[in-house]
Amino acid sequence: MSDALAIAGHSLREAVRRRVLLVVALLTAVFLGLYALAAFEVFESLEQTSGGAIVPIDERALAGGTLLGLAMFVALFLGVVLAVFLTLGAVRGDADRGLLQPLVVRPVGRTTLLVGRLLAASAVCALYVIAVFLLAALITRAAGDFTPASLVVPAAGLALGVVTVVAVSLLGSTVLGTTANGIAIFMVFAAGLAAGLLGQIGDALEVGALSTASSIISWIVPFEALYQNGLHALTSDIGGATGVIVQLGPFGGASDVSAAIWPWAVAWSAIVLALAALAFSRRDL
Amino acid sequence: MTAALSARGLSKRYGTTTALDAVDLEVAPGELVGLLGPNGAGKSTLVKIACGLVRPTAGQAHVAGAAAGSRAARASTGYLAELFRFPGWARADEVLALHQRLARSDGGAAEREALLARVGLSGEGGRRVETMSKGMQQRLGIAQALIGAPRLVLLDEPTSALDPGGRRTVRDLLVGLREQGVGVLLNSHLLSEIELVCDRVVIIDGGRVVTEGRPQDLTAPGGVEVETSDGLRRLPDARREDVPRIVRELVDGGAEVYGVRVVTGTLEDAYLAAVVGRDG
């Protein structure tokens with residue numbers, strides 16, 4: 001474990017020294033600034049308009065749930081971008097550049113090297129998505145006095161979701177070059193989100209096959225199931241027509257996923273990492 | 001005494017390409033062995049198998065008695081790759097500290113300073129890798145390979161980026177390693193360097209060992225050249241023992257003799273004879 005921590009520390013220092021974290025922090029600050037502007041404007045406009053809807057709608061809950069759903073989507077997206085860029089060249093990319101060989105010849109297992117990279121990238125990405133989501137929740141509360149049903153479930157889902165992406169990106173890095181791996185992981189991410197949207201359409205139109213396919217895919221790529229579960233937890237206390245609208249949401253359908261998703265996502269990450277370790281152990285450098 | 005490196009019947013195939021074909025090689029403790037061969041001969045593959053980066057298709061390699069690639073073997077090995085890079089953001093001292101930790105060396109700052117001094121980088125520990133010249137990075141790479149007092153050092157083109165002063169430093173360092181009982185396998189295209197420093201030379205081509213021996217045994221005599229009043233005379237079949245007779249005969253014949261040189265073949269000649277002669 002000491003060796004894995006040494007590698008993790010080395011990776012974290014790299015992220016800091018190469019100003020990756022600084023750039024991410026600055027861009028995130030820009031996003032949160034824009035989010036705050038939007039949130040205050042939305043809630044202020046609600047003050048000036050009266051109902052008029054055919055069915056009774058809790059506009060404040062609808063606005064708060066939708067805005068925070070947007071923040072959750074952006075947090076996941078930025079977290080995935082960070083996860084991919086921290087790991088996409090971990091094996092083949094670093095080997096092609098000659099960075100990996102001096103480390104691999106040391107009496108440290110190749111699995112240990114992967115675990116070190118996983119720990120570093122997971123720590124950075126998980127803390128990042130939690131921080132972005134919680135700051136967005138604070139802004140939403142300040143702007144419109146909206147408090148979601150749960151902060152813990154969405155935050156934990158985002159964190160575990162990006163860990164699964166880190167794991168699959170590490171696996172990809174053992175067989176694909178840097179660019180190919182980056183493209184592949186983003187396509188997997190996009191496929192997961194598309195499956196979520198298809199499920200949303202299936203639910204709205206009551207097409208069972210679409211809903212089932214979406215559900216299966218969300219378990220195959222568990223970041224999607226965790227995201228859907230987080231969206232659901234965000235607004236699970238909103239009832240009536242407002243609840244139906246906000247649960248459909250513009251950023252993928254909310255879904256009350258079984259609690260088994262948590263151990264499954266952990267096991268899934270472990271299995272993917274084990275496959276990465278197997279591929280790495282068989283790879284000539 | 002256990003060999004620093006022992007390879008028996010080592011073969012490596014990449015698909016239909018045979019990179020190594022039943023190679024036998026041994027490096028004794030305190031022995032400097034030069035590995036020569038044209039590009040694609042299998043030199044780097046052999047070195048990579050020895051340090052565990054590449055798995056052999058057949059045969060076995062052992063480092064200080066442990067199977068190559070095993071944790072014990074890697075703990076006994078220092079390696080400088082031909083194409084290596086350290087993170088540009090890291091300082092030289094940080095690079096060495098990380099490798100100390102991974103190599104489980106308890107040498108601390110004293111070892112790092114001593115190694116930097118040994119490769120001519122005294123006082124450069126705080127310098128970032130990205131600000132170093134290629135030659136300085138190569139020196140740092142050599143220092144990294146020596147962390148933890150390895151029993152076998154594998155150097156793949158260690159002087160390709162060095163100026164003549166740097167090459168002299170590395171030669172002195174290699175001699176020091178020999179005195180410490182460290183086995184060294186030196187893969188280089190610089191034949192003159194190998195000739196200067198190595199105890200033994202192994203030439204491989206097409207994945208096979210084509211010749212090996214001490215440099216002085218591989219280099220053939222090249223005759224005698226005599227500078228006389230009639231011009232330079234070359235006697236290609238003459239040997240060192242013939243020089244007094246040749247001079248006597250020339251002087252008796254009325255010629256003025258200004259200089260005599262016993263010509264010896266170079267390692268380059270031996271290399272070309274072994275490789276080009278075989279290929280062509």
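Visitor: How many of the 11 residues of helix α3 (residues 92-102) of chain B are buried?

Guide: This is a predicted model, in which local features need pLDDT of at least 70 and side-chain atom pairs count only at pLDDT 80 or more, while totals for chains, interfaces and linings use all residues. Residues are numbered from 1 along each chain as its sequence is written, and chains are lettered from A and ligands numbered from 1 in the order in which they are written. A residue is buried if 20 or more other C-beta atoms, placed from the backbone, lie within 10 Å of its own, exposed if 12 or fewer, and partly exposed in between; helices are DSSP runs (H or I, at least four residues), numbered from the N terminus. By that count helix α3 of chain B is mostly covered, and the number of its residues that are buried is 10.

Visitor: Which helices do the buried residues of α3(B) pack against?

Guide: The buried residues of α3(B) include B:Val95, B:Leu96 and B:His99. Contact here means that the C-beta atoms of two residues, placed from the backbone, lie within 7 Å. The partners come from both chains, namely α4 (108-118) and α5 (134-145) of chain B together with α1 and α5 of chain A.

Visitor: Which helix gives the largest share of the side of chain A that touches chain B?

Guide: The contact between the chains takes 19 residues from chain A and 23 residues from chain B. On the side of chain A, α1 (2-17) and α5 (101-104) each supply at least two residues. The largest share, five residues, comes from α1(A).

Visitor: Is A:Trp219 buried or partly exposed?

Guide: A:Trp219 is found in helix α9 (residues 208-220) of chain A, and, leaving aside residues up to four places away in sequence, it touches A:Ala225 and A:Trp264. Because A:Trp219 has 16 other C-beta atoms within 10 Å, it is partly exposed.

Visitor: What is the orientation of α9(A) to α10(A)?

Guide: Two packed helices are described by the angle between their axes and the distance between the axes. Axes are lines fitted to C-alpha atoms, for helices over the stretch in contact, and angles run from 0 to 180 degrees between N-to-C directions. Helix α10 (residues 222-234) of chain A packs with α9(A) at an angle of about 115°, their axes lying 4 Å apart. Since angles under 35 degrees count as roughly parallel, over 145 as roughly antiparallel, 65 to 115 as roughly perpendicular and the rest as oblique, α9(A) is to α10(A) roughly perpendicular.
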